[in-house]
Amino acid sequence: CSGPYWFSKSTIFLILIMVEIYDIFISYSSKDRQIVHKYAKFLEDYGYKVWYDAKGLYGGVKFAGEIADAIESSKLFVFFSSENSNKSEWTKGEIFLAQKFKKKILPVRIDDSEYEKSVMIILLPLQYIVCKNRVYEESIEEIKNAIHKFIGEPTKKYLTSKNNNQQKRCWVKQSLWGAGFLSLFFAFFM
């Protein structure tokens, strides 16, 4: 553990372990929370790692930076378009960040409202999915198929327990063991 570099290598490795990587970032207006969270829950249950503000932000967090980090570390940006989200300065900013980070964007329209003019140039050329005012079986399947084309199947599917039919994230425990072991290894031997 001697030398000027042992601390920086360990620190860099620990930072890399701690970076959250998401399959999907969901952008929407909080006024549409009820419908959007149903879609988000379906995607999580299917096995995708999804970031949306109800899960990702906690008290005291600098949320602008947290949102930017989540967009940057996501494979796909899903924008739930509605009258509310099209008026929101936050969702516009999220769309601009997704474009800046060269993210694939999937628009999902939950009403007939027009895109806000400042984001039309980004969103108009994109094929969108229509899911008006409620969650439909067809629209869930269409979203799942579109996401599959963009980023593939989830890398980790959740397993269902036979005892209580609740989904368990068995892979999380394995990931934590591996991360913990590697952290200790690098802390002591680098």
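Let's start with a charge and a ring: the charged end of Lys-49 sits over the ring of Tyr-22, 5.4 Å from the ring's centre. Keep in mind that what you're looking at is a predicted model. From here, the tour goes through ring pairs, one leucine and a pocket.

**Charges over rings**
- Besides Lys-49 over Tyr-22, there's Arg-109, which lies over the face of Tyr-128 at 4.9 Å from the ring centre.

**Aromatic pairs**
- Searching the whole structure turns up five aromatic pairs.
- One of them is Phe-25 with Phe-77, a stacked pair with 5.5 Å from centre to centre and 10 degrees between the planes.
- Phe-25 belongs to strand E1 (residues 22-27) and Phe-77 to strand E3 (residues 74-81), so this pair ties together parts that are 52 residues apart in sequence.
- Both of these residues, Phe-25 and Phe-77, are buried.
- Tyr-39 and Phe-80 make a tilted pair, with 5.5 Å centre to centre and 35 degrees between the planes.
- Here a helix meets a strand in the pairing: Tyr-39 is in helix H2 (residues 33-46) and Phe-80 in strand E3, so parts 41 residues apart in sequence get tied together.
- Tyr-39 has 2% relative accessibility, so it counts as buried.
- Phe-80 counts as buried too, because its relative accessibility is 1%.
- Phe-25 and Phe-77 also turn up in a trio: together with Trp-51 they form one aromatic cluster.

**A look at Leu-97**
- You'll find Leu-97 in helix H6 (residues 89-100).
- Its relative accessibility is 25%, so Leu-97 counts as partly exposed.
- Skip the neighbours within four places in sequence, and Leu-97 is in contact with Ala-68 and Ile-71.
- Leu-97 and Ile-67 are 30 residues apart along the chain, and their C-alpha atoms are separated by 9.6 Å.

**The second largest pocket**
- This pocket has a volume of about 220 Å³.
- It's lined by 15 residues, and the closest to its centre are Tyr-28, Asp-53, Ile-67, Trp-90 and Glu-94.
- Strand E1, helix H4 (63-72) and helix H6 are the elements that give two or more residues to the lining.
- By type, the lining of the second largest pocket divides into eight nonpolar, five polar and two charged residues.
- Ile-67 is a name to remember: it is among the residues closest to the pocket centre, and it's the residue whose C-alpha atom is 9.6 Å from that of Leu-97.

Notes:
Residues are numbered from 1 along each chain as its sequence is written. This is a predicted model: local features need pLDDT of at least 70, side-chain atom pairs count only at pLDDT 80 or more; totals for chains, interfaces and linings use all residues. Side-chain values use heavy atoms; hydrogens and water are left out. Rings of Phe, Tyr and Trp (its six-membered ring) pair if their centres lie within 6.5 Å; planes under 30 degrees apart count as stacked, over 60 as edge-to-face and the rest as tilted. Helices (H or I, at least four residues) and strands (E, at least two) are DSSP runs, numbered from the N terminus. Buried means under 20% relative accessible area, exposed over 50%, partly exposed in between (1.4 Å probe, protein chains only). A charge sits over a ring if NZ of Lys or CZ of Arg is within 6 Å of the ring centre and within 35 degrees of the ring normal. Contact means heavy atoms within 4.5 Å. On a 1 Å grid over the protein atoms alone, a cavity is a set of points where a 1.4 Å probe fits but cannot get out, and a pocket is an open set with protein on both sides within 12 Å along at least five of seven lines; lining residues have an atom within 4 Å of a point. Grid points are joined across faces, edges and corners, and a volume is the space filled by probe spheres set on the points. Ala, Val, Leu, Ile, Met, Phe, Trp, Tyr, Cys and Pro count as nonpolar, Asp, Glu, Lys and Arg as charged, and the others, Gly among them, as polar.
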